[in-house]
Amino acid sequence: MRAKYVMSEVFLGLWRNISMTVAMIITMAVSLTMLGAGLLLYNQVDVIEEYYQTNLEVVVYLEREVTQEVSDQIGADLKASPYVEQAVYESKEEAYERFKETFEDTPDLVKSVDAEVLPSAWRIKMKDIADAPKLIAEFQEREGVYQVTNQREILQQVFDILGGAQRLTLIVALVQGIAALMLVANTIQVAAYSRRREVAIMKLVGAPNWFVQAPFVLEAVFAGVIGSIFAFATLIAAKYLVIDGQFENLFSLMPPIDMQAILILLPILTGISAVISAITAWITLRFNIKV
Amino acid sequence: MEYATLVLEAPDRLRESADRLRHVIQLEGVTKHYPRSNRPSVEDVNVFIDKGEFVFFIGPTGAGKSTMIKLLLREEVPDKGKISVGDIDVTRLRRWKVPAYRRSIGCVFQDFRLLPNRTAAENVAFALEVIGKPRSVARRVVPEVLELVGLGGKEHRYPHELSGGEQQRVAVARAFVNRPLLLLADEPTGNLDPDTSIEIMRLLDRISRTGTTILMVTHDSNIVNQMRRRVIEIENGQIVRDQARGVYG
């Protein structure tokens, strides 16, 4: 009976102030989408780090005219180094095979590169990739070595980009979130004003405070939940249309964002937005509806 | 000497506690100021009202009558002094207990304060609904109380379909439906013509005879003079007259 009354008041309140309700839901949805994207990126950095940690290599590229003895000597020294777990020689032919494999989607590029151009190399698996700079310093200047590259450094750039994107999404989420909460506060004030008669009578006849406040708080929670559902839908759409669609190649460098990571966002976003909306509404009410 | 004091004191104490039981309303040294607004204040007010009494609060506008009502409703808390209603110390009442306290008080106002989109019966039922009474109780009690206030047959009319007097009857029904200990009426006849006012007063009189204490703020001298009940006159926040079976003055 009372629950029915509260619910009908909630929907009446939202409907009576529909433009505000829509504005509230939209800003919440944008804020939560950004928050969700930020959380996904955060998760993604972890996933990438874990994915590459075991596969990261230091590659010692040899000069093209290097003799077999020099190459073998470098290999022996590498294997003797305390930082090295494993060192594998890659001949020019093997390098070309790898190159063909990597760029099999772009045969023109493959055709344009001569097998002779690619350098032979020692591919090194480190005991700890953090020691890579020491190894590089040691071998950089040696005769017969063309260049030593650390894959981690390349990856670091990816991380920097992801980190920047993450900060950006979180800042947008925060700003939009503040706007959303202000709209919540405003909506609640308007609702409390338009229902001041009912509220006054309810307080007069001794309705419990929770009962007086419930319709307003639930209005905010409802808007928050709808907003989070929109945000969730936007993130799913983004996965299918942007990451798996248009920019598939761009994102193929990193492990895919799996569906589970997005699915788990639904309860998180809904929970966060419902709780924060409810608290905002409740605080607003404390200033607007005095006992 | 000490023994004698004890003996002398004991009966006083007993009488005091007996008085406490008898008084429904006690205001002792109640003072309330509004330093930052010119709302009327009250100054050291002492009032004791018994169960079933019918009391008029009279006095010029701004004398502090409505402040008294607000204090009794615990919409305001006094700066000094003690208010108790029934066995509840209103001044020490915790915020969350206020709603439960208000259920023991019925309220009627000059402007009726009905919900316009609800019928007479629904308006009365609302008071039961919001304090969590089951619908079956409302179905049984609401027609009874509407009959009592003389609105039998008009249960399903909306406030705009009722006359002023009838609307006030709905308000009285709503105030009375929970059988309150105390009924506060703030100028209940202020918007009504003299004949209708007398009907409302008859209704309040009947309610008072059921043992409900009634405290009524009014400016209507005719009513006060005809009813001949206890009159408490307030001026500048102080009680200047407290007279049983008094007149408007």
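Student: Which exposed residues does the face of H1(A) turned away from its buried side carry?

Tutor: This is a predicted model, and in it the buried residues of H1(A) are Val10(A), Gly13(A) and Leu14(A). They cover an arc of only 95° around the axis, which puts them on the same side of H1(A). The face turned away from that buried side carries the exposed residues Lys4(A), Ser8(A) and Trp15(A).

Student: What distance separates the end C-alpha atoms of helix H1 of chain A, and what should its 15 residues span?

Tutor: Helix H1 of chain A runs over residues 2-16, and the expectation is taken at 1.5 Å a residue. On that basis the helix should span 21 Å, which agrees with the distance between its end C-alpha atoms, 21 Å.

Student: Which residues of H3(A) are buried, and which strands of chain A are included in what covers them?

Tutor: Helix H3 of chain A, residues 68-80, reaches 18 Å from its first C-alpha to its last, close to the 18 Å expected for its 13 residues. Its buried residues are Ser71(A), Ile74(A) and Leu78(A), and they cover an arc of only 60° around the axis, which puts them on the same side of H3(A). The cover over these buried residues includes, from chain A, strand S1 (57-62), strand S2 (84-90), strand S3 (121-126) and strand S4 (145-150).

Student: Which exposed residues are on the face of H3(A) turned away from its buried side?

Tutor: As a general point, an α-helix has 3.6 residues a turn, so residues three or four places apart point the same way. In H3(A) the buried side is that of Ser71(A), Ile74(A) and Leu78(A). The face turned away from it carries the exposed residues Gln68(A), Glu69(A), Asp72(A), Ala76(A) and Ala80(A).

Student: How far apart are the C-alpha centres of domain 1 and domain 2 of chain A?

Tutor: The domain assignment gives domain 1 of chain A as 2-51 + 156-288 and domain 2 as 64-143. An unreviewed UniProt entry also annotates residues 56-148 of chain A as "domain: FtsX extracellular", and over those residues the chain is 41% helix and 25% strand, with end C-alpha atoms 14 Å apart. For the two assigned domains, the distance between the C-alpha centres is 51 Å.

Student: Which element gives the most to the side of chain B that touches chain A?

Tutor: In the contact between the chains, 17 residues of chain B meet 16 residues of chain A. The elements that give two or more residues to the side of chain B that touches chain A are helix H3 (98-102) and helix H4 (120-129) of chain B. By class, that side has 10 nonpolar, 1 polar and 6 charged residues. The element that gives the most, with 4 residues, is H3(B).

Student: Is Arg74(B) buried or exposed?

Tutor: Arg74(B) is found in the loop between helix H2 (65-72) and strand S4 (80-85) of chain B, and it has a positive phi of about 60° although it is not a glycine. A residue counts as buried at 20 or more C-beta neighbours within 10 Å. Because Arg74(B) has 21 C-beta neighbours inside 10 Å, it counts as buried.

Student: How far apart in space are Thr61(B) and Ile234(B), C-alpha to C-alpha?

Tutor: Thr61(B) lies in the loop between strand S3 (54-58) and H2 of chain B, and with 8 C-beta neighbours inside 10 Å it counts as exposed. Thr61(B) and Ile234(B) are 173 residues apart in sequence, while in space their C-alpha atoms are separated by 9.9 Å.

Terms used:
Residues numbered from 1 in each chain as written. Chains lettered and ligands numbered in written order. Predicted model: local features only at pLDDT ≥ 70, side-chain atom pairs only at ≥ 80, totals over all residues. UniProt positions renumbered as here; feature names shortened; annotations may be inferred. Expected span 1.5 Å × (residues − 1). Buried ≥ 20, exposed ≤ 12 C-beta atoms within 10 Å, placed from the backbone. Arc of directions from axis to C-beta. Contact = placed C-beta atoms within 7 Å. Domains from an automatic or database assignment. Nonpolar A, V, L, I, M, F, W, Y, C, P; charged D, E, K, R; others polar.
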